[in-house]
Amino acid sequence: MPDLPPLTEATFWDILEERLPDAALNALLWQCLGYRQDASGAWDNSGVEPSWRNDYPEPPDFIDSRPATVKLTRSIPAADKQLLKEQLGFGGYQVSELNPRRTRRATAVNWLLSHLRRGRRESTR
């Protein structure tokens, strides 16, 4: 995978405001889910949670795949569903700005925030 930006507030806003390319957003999600690509371009999913690995042996395109984004949404714990508002102060898009692509980007940011929060919780145990 190419060099990816760090998971920072600035990166999250770049995702929400569509400044980060779809390919980079997908790569961030894939990396956090555990997908790895070798030098030949083959995918290694041995580090991917079984439920993801079974449904997606190769990483999905979260921008183009509604089912993959639904799975991402459902994997966010209930306690983390409002992290966009709580941590970024994101109030959502205006109705005139809504489209599936932007909604999927917001879902991705919320999942990434939850992923970071869960990682911190697990490292403090």
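Reader: Is W13 buried, exposed or partly exposed?
Author: Partly exposed, going by this predicted model. W13 has 22% relative accessibility, and buried would need under 20%.

Reader: How many aromatic pairs does the structure hold?
Author: Five aromatic pairs. W13 and F90 form one of them. That pair is edge-to-face.

Reader: What's the geometry for W13 and F90?
Author: The rings sit 5.9 Å apart, centre to centre. The angle between their planes is 70°.

Reader: Where do W13 and F90 lie in the chain?
Author: W13 is in helix α1, residues 9–16. F90 is in the loop between α5 (83–88) and α6 (100–123). The pair therefore ties together parts that are 77 residues apart in sequence.

Reader: And F90, buried or exposed?
Author: Buried, because its relative accessibility is 10%.

Reader: Switching to W30 and W43. What kind of pair is that?
Author: Edge-to-face. The centres are 5.4 Å apart, with 80° between the planes.

Reader: Which elements does that pair link?
Author: W30 belongs to helix α2, residues 22–33. W43 belongs to strand β2, residues 43–44.

Reader: How accessible are W30 and W43?
Author: W30 has a relative accessible area of 16%, so W30 is buried. W43 is at 23% and counts as partly exposed.

Reader: Which residues form a cluster through ring pairs?
Author: W30, Y35 and W43.

Reader: New topic. What lies over the face of W52?
Author: K71 does, at 5.2 Å from the ring centre.

Definitions and conventions:
Residues are numbered from 1 along each chain as its sequence is written. This is a predicted model: local features need pLDDT of at least 70, side-chain atom pairs count only at pLDDT 80 or more; totals for chains, interfaces and linings use all residues. Side-chain values use heavy atoms; hydrogens and water are left out. Rings of Phe, Tyr and Trp (its six-membered ring) pair if their centres lie within 6.5 Å; planes under 30 degrees apart count as stacked, over 60 as edge-to-face and the rest as tilted. Helices (H or I, at least four residues) and strands (E, at least two) are DSSP runs, numbered from the N terminus. Buried means under 20% relative accessible area, exposed over 50%, partly exposed in between (1.4 Å probe, protein chains only). A charge sits over a ring if NZ of Lys or CZ of Arg is within 6 Å of the ring centre and within 35 degrees of the ring normal.
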